[in-house]
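Student: Can you walk me through this one? I'd like to start with a helix and then move to the packing.

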Amino acid sequence: MISSVTKFNLKPYNTFGMDVMCNRWIEYTSSEDLPQISDMVFGNRYLFIGGGSNLLFLGDYDGDVLHSRILDLSMSIDGDGDLVVRAGAGVVMDELIEQCAVNGIWGMENLSGIPGEVGASAVQNVGAYGVEAKDFIREVECYDMLTLSFVKFDVRDCKYGYRSSLFKEKQNKGRYVVTYVTFVLNQNRGPVLDYGNLQSAVAGCELTPRNVRDAVLAMRASKLPSVTEIGSAGSFFKNPVVSIEEFERVKQLASDTADGVCTVPHYPVGNDSVKIPAAWLIDQCGLKGYHTGNVAVWHLQPLVIVNATGKASPNEITGMECHVIECVKNKFGIELHPEVEHI
Ligand code: EPU
């Protein structure tokens, strides 16, 4: 079933809370609606969104905005004894994770609390606490708006990387509309606790998916603003991956101690690159809690830019974005790139 509304306010549909309009808002409940939808939007600008938790609208959207309400969910056990979950693109990711965790199913608990829907999680390859959506995805079903046909992608063909995928590639923008995602949860995998202080957060309690989920939710709540209370899009910037030479420069600028102990948090990427947390770089610039007008750098996690008063304009957000990028560039010579998609 397709429903549509003209001149629609997108404020409840973007977690930044931008007060912007689109020409038409279209929702659909079945993948079978997509051929008709491609006719409806033909010749118009259009945008498919999920939970709107990784978007920044820069102004009114002069086109159609589409949202999947494909909500069916099926579970089965495959020949290897693994749990196979096929979820509609509109299923809220955290509701699926909760269902798995309370039923004692290992796998997705580290992704607890991530806002957004199943379709977007497969496009974005969402990740947290050492786990990424791609670790469980077996197949992504889409409608191809170019060839007007249904297609299926095996996970190996989705080109997944850190917050990247085939579906996010420039030439594919607007092309593949995710309808269903199939996840496989291998019960022999057990918990993944080696990221940050997750291990210590679960120390002393029985190791169950539910307890790990609760620990992750508590850790998130202690440093990330709740998108239902304060507008943001989670991490605004990606963590930069730099060469060893650039890393050496950062170490010197961070005035590392003479006894050779490196104080710069970093994670090796392959043999010749290092990932440095953007949060640390921004923090070093003294920007934690910095605010101007209606916008602020979140005081508990500087990777997040917030619509502090709920009245921020898109220009104020991008103004803060530019300021953070400039400060980090001036201090460390590293250019941060937004994770949030600008529309
Ligand atoms: N740090 C500081 N100052 C701070 C906060 C952090 O210096 O105020 C440093 C610390 O060294 C800390 C490091 O930054 O160890 C990394 O911080 P944290 O683990 O909190 O964040 P992150 O690893 O950079 C990523 C994801 C988050 C995800 C967490 C947990 C990105 C861009 N962000 O953050 O994802 O929840 O890991 O796995 O990769 C999101 O995508 O919206 C998101 C919140």
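Tutor: In helix α2 (residues 93-102), the buried residues are M93, D94, L96, I97, C100 and A101. Buried means under 20% relative accessible area, with exposed over 50% and partly exposed in between (1.4 Å probe, protein chains only). Helices are DSSP runs of H or I, at least four residues, and strands are runs of E, at least two, numbered from the N terminus.

Student: Why are those on the same side of α2?

Tutor: Because they cover an arc of only 155° around the axis, taken from the directions from the helix axis to the C-beta atoms.

Student: And what covers the buried residues of α2?

Tutor: The cover includes β6 (73-77), β7 (83-88), α3 (118-124), β12 (176-185) and α5 (209-223), where contact means heavy atoms within 4.5 Å.

Student: How far can I trust this?

Tutor: It is a predicted model: local features need pLDDT of at least 70, side-chain atom pairs count only at pLDDT 80 or more, and totals for chains, interfaces and linings use all residues. Residues are numbered from 1 along each chain as its sequence is written, and side-chain values use heavy atoms, leaving out hydrogens and water.

Student: New topic: how many salt bridges does the structure hold?

Tutor: There are 15, each a side-chain nitrogen of Lys or Arg within 4 Å of a carboxyl oxygen of Asp or Glu. K134 pairs with E132, with the closest N and O atoms 3.4 Å apart, and also with D135 at 3.2 Å, N to O.

Student: Is E132 buried or exposed?

Tutor: E132 is buried, at 17% relative accessible area, whereas K134 is partly exposed at 30%.
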